[in-house]
Amino acid sequence: MAYLKSRGLSEDNAAFYRLGYVESPLPGHETARGMLSIPYITRSGIVTVRFRRLGDGDGPKYRSVPGDPPRIFNANALLVPSDHIAICEGEFDAIAANTAGIPAVGIAGVSAWKPYFARCFKGYKAVFILADQDDKGQGMEFAEKVAEQIKNARISPMPAGHDVNSYVLENGPEALLERLEINA
């Protein structure tokens, strides 16, 4: 919980998104020991799990189940009645946007976006692509790749040095709503 709280997430967030800690991994998941588990949940239940390293350490920051295809995190946000939705690069950014009151999904990076995902975003008045600015340009690369496939997309870059999660943590959820000109 200390790590999640440092990211601005509450125990309620952890429970709602079923975030967990891998203490005793199942056979075949030993490499996830000591990592945060991030389940991808649909109406059908959990469809996959990604793992995130806590703090600094060796190896990749994230791990997916080997051979698992890219998926949309928090796909249930697509079921929320709304004229807008946000697409974020990453699970924590999607959680932060949802906590701010914006239905949001997460994609696990630019290479995880698949053209067929675009069909999920038809019918919205606005699809906000919340672009990270805390990297070496991958956030804008992600946003531009997604925007060229979604007719009603609006790229909204975060301020320099921020992703959605850090922006909401530093400025509060109301600041994100104001930035997108969404009336709560």
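**View 1. Four strands of the predicted model form an open sheet with parallel pairing.**
The order of the strands across the sheet is β6-β5-β7-β8, and the edges are held by β6 (104-107) and β8 (153-157), each of which pairs on one side only. From one strand to the next, the twist averages 25 degrees. Helix α3 lies across β5, β6 and β7, and runs at about 175 degrees to β6.

**View 2. Strand β7 is joined by bridges to β5 and to β8.**
Between β5 (residues 84-89) and β7 (residues 126-131), which run parallel, there are five bridges. Along this pairing, A86 stands opposite F128 of β7, while I87 has I129 of β7 as its bridge partner. Five bridges also join β7 to β8, again with the two strands running parallel, and here L130 is the bridge partner of S156 in β8.

**View 3. Both faces of strand β7 are covered.**
On one side of the strand lie A126, F128 and L130, and on the other lie V127, I129 and A131, with all of these residues buried. Strand β7 is accordingly described as mostly covered, six of its six residues being buried.

**View 4. The largest pocket is lined by 21 residues and holds about 510 Å³ of space.**
The lining residues that lie nearest the centre of this pocket are K61, Y62, E89, D132 and D163. Strand β3 (45-52) and the helices α3 (91-99) and α5 (164-171) each supply at least two residues of the lining. By residue class, the lining of the largest pocket divides into 11 charged, five polar and five nonpolar residues.

**View 5. The second largest pocket has a volume of about 180 Å³.**
Its lining consists of Y40, T48, V49, R50, S64, D68, P69, P70, R71, A108, S111 and A112. Strand β3 contributes the largest share of this lining, namely three residues. Sorted by class, the residues lining the second largest pocket comprise six that are nonpolar, three that are polar and three that are charged.

Terms used
Residues are numbered from 1 along each chain as its sequence is written. This is a predicted model: local features need pLDDT of at least 70, side-chain atom pairs count only at pLDDT 80 or more; totals for chains, interfaces and linings use all residues. Side-chain values use heavy atoms; hydrogens and water are left out. On a 1 Å grid over the protein atoms alone, a cavity is a set of points where a 1.4 Å probe fits but cannot get out, and a pocket is an open set with protein on both sides within 12 Å along at least five of seven lines; lining residues have an atom within 4 Å of a point. Grid points are joined across faces, edges and corners, and a volume is the space filled by probe spheres set on the points. Ala, Val, Leu, Ile, Met, Phe, Trp, Tyr, Cys and Pro count as nonpolar, Asp, Glu, Lys and Arg as charged, and the others, Gly among them, as polar. Two strands pair if DSSP finds at least two bridges between them. Axes are lines fitted to C-alpha atoms, for helices over the stretch in contact, and angles run from 0 to 180 degrees between N-to-C directions. Contact means heavy atoms within 4.5 Å. Buried means under 20% relative accessible area, exposed over 50%, partly exposed in between (1.4 Å probe, protein chains only).
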